[in-house]
Amino acid sequence: VLAAIILPAAIITVWTRNTVLDTNEYVGTVAPLAQDENIQEAVTFRVTEAIAEAADFRSIAEEALPPDAQVLAGPIQAGAKSLIGEVVGVVVASDQFSQLWEDANRAAHESIVPLLEGRGNDLVATEDGRVVLKLGSVAAQAVGLVDERLGTELSGEIPEERLDAEIVLIDSNELADAQGLVRLVDNMSWISVILVLALLVGTVLLAEKRRLGARRLGLAIAVPTLLCLLGYAWLRDQYLSGLPADVHNPDAAAATFDILTRFLFRSLRVMLVVGLVVLVGAWVVGPSSAAQRVQGWWDTLVGRAGEAGADREIGALPVFAAANERALMIGTASLAVLTVLLWTHPTGLVVLLVALLAVAAVFATRVLAAIGRRAGDTVAAQRQGERTSAEADTDLRDEDAEEAVADAADASDEAAEPVG
């Protein structure tokens with residue numbers, strides 16, 4: 001239960017932390033905005049309006065036209081605005097705009113992240129909501145200029161620490177609150193992930209029956225993520241329905257919401273698929289009649305494949321699989337989990353494909369192990385037959401020897417009898 005409560009918080013805090021503090025993640029999140037047609041249309045509209053308002057083509061036309069042609073000022077203004085819109089649309093749809101958009105967002109993010117994290121440098125300090133400009137280098141240069149003009153040697157007489165002047169550029173409680181919130185999100189992202197993983201693994205390892213533990217694990221993952229997806233859809237509808245009436249392109253607002261939150265939505269959907277896969281796996285190995293039928297089909301298929309492969313010479317691999325079947329299946333499951341964890345932004349489809357590949361690998365392992373066991377049984381039977389045949393030959397030789405000894409004894413007895 002605790003894992004089910006903390007899991008959504010862990011997903012959201014990790015997504016927030018990566019988006020806010022990781023420049024590459026942030027740029028990867030906002031870069032597709034420049035390539036969306038609805039957003040390009042909205043950008044084109046706003047840029048065109050800004051240029052037309054700043055240029056005031058109607059006034060320019062009225063000044064240039066004679067009094068009798070003033071009526072043409074309106075059409076000229078409309079034509080100029082239309083032409084500007086076409087030019088801006090071409091620029092916005094170009095690869096150069098996409099690169100400009102990415103570079104601008106990267107530069108802005110790289111400049112604001114140190115401020116939010118309270119990280120400074122040799123020139124600026126950012127702590128406790130204060131942005132402080134360090135003036136030590138400026139003071140040192142000023143002292144050097146004074147020495148040049150007056151012939152003094154103040155730069156050698158004044159210690160550097162005495163020149164450690166500074167000026168406060170920003171002293172804001174809001175900035176301090178933002179820095180504190182960023183630190184909290186950064187710390188909670190790691191703590192929540194470690195705690196959730198420990199709780200989820202413990203759900204299985206500490207359960208009396210591993211199958212029931214796996215079922216609880218699937219429920220702890222699937223149920224909260226499903227609720228989060230429903231909440232996500234509700235928030236999206238609330239956001240779009242609450243847009244001001246003067247919004248020129250609501251589709252652009254929807255596209256912006258979807259693009260900026262797509263990694264969060266994808267993470268929730270991936271975890272839902274993971275939970276469902278675990279639930280299906282726990283059900284398949286269960287005692288229900290339907291699960292028993294599935295297990296019967298599986299065993300029959302493995303058995304038939306093993307019988308078909310037992311007649312073929314495929315080397316020592318089946319014998320190895322038979323001897324290490326459990327270790328191979330555990331390794332397959334571990335590899336599947338690591339693949340999903342290390343995959344950059346996996347999707348639900350990726351999880352399904354990895355699960356299917358893992359099932360295929362387990363099936364191949366079971367088949368090879370069955371072939372290995374059958375080969376081992378055949379060899380054992382052959383050896384048993386050879387031992388039985390050898391024992392029979394030995395017994396026969398022993399019987400012959402005993403008969404020979406008996407015959408010799410009888411002949412000796414007859415020779416020893418007196419002649420009457």
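This tour moves through selected residues of the structure, stop by stop.

The structure is a predicted model, in which local features require pLDDT of at least 70, side-chain atom pairs count only at pLDDT 80 or more, and totals for chains, interfaces and linings use all residues. Residues are numbered from 1 along each chain as its sequence is written, and side-chain values use heavy atoms, with hydrogens and water left out.

**Stop 1: R236 and D258**

The structure contains two salt bridges, a salt bridge being a side-chain nitrogen of Lys or Arg within 4 Å of a carboxyl oxygen of Asp or Glu. Select R236 and D258 for one of them, with an N to O distance of 2.6 Å. R236 belongs to helix α10 (residues 210-241) and D258 to helix α11 (residues 250-260), so the pair ties together parts that are 22 residues apart in sequence. Helices here are DSSP runs (H or I, at least four residues), numbered from the N terminus. R236 has a relative accessible area of 23% and is partly exposed; D258, at 29%, is also partly exposed. On this scale, buried means under 20% relative accessible area, exposed over 50%, and partly exposed in between (1.4 Å probe, protein chains only).

**Stop 2: R366 and E325**

Next, select R366 and E325, whose side chains form a salt bridge at 3.0 Å, N to O. R366 sits in helix α16 (residues 348-416) and E325 in helix α15 (residues 325-342); the two residues are 41 residues apart, and the pair links distant parts of the chain. R366 is partly exposed at 22% relative accessible area, whereas E325 counts as buried at 14%.

**Stop 3: the patch around L227**

Return to helix α10, where L227 is found. Select L219, V223, L226, L227 and L230 together: they form a nonpolar surface patch with about 460 Å² of accessible area. Patches are made of residues with over 30% relative accessible area and no salt bridge, with like charges joined within 9 Å and nonpolar side chains (Val, Leu, Ile, Met, Phe, Trp, Tyr) within 5 Å. Accessible areas come from the Shrake-Rupley method with a 1.4 Å probe, and for residues only the protein chains shown count as cover. L227 itself is exposed, with a relative accessible area of 54%.

**Stop 4: S192**

Finally, select S192 in helix α9 (residues 173-205). Is S192 buried or exposed? With 5% relative accessibility, S192 counts as buried. Leaving aside residues up to four places away in sequence, S192 touches I6, A10 and T13, where contact means heavy atoms within 4.5 Å.
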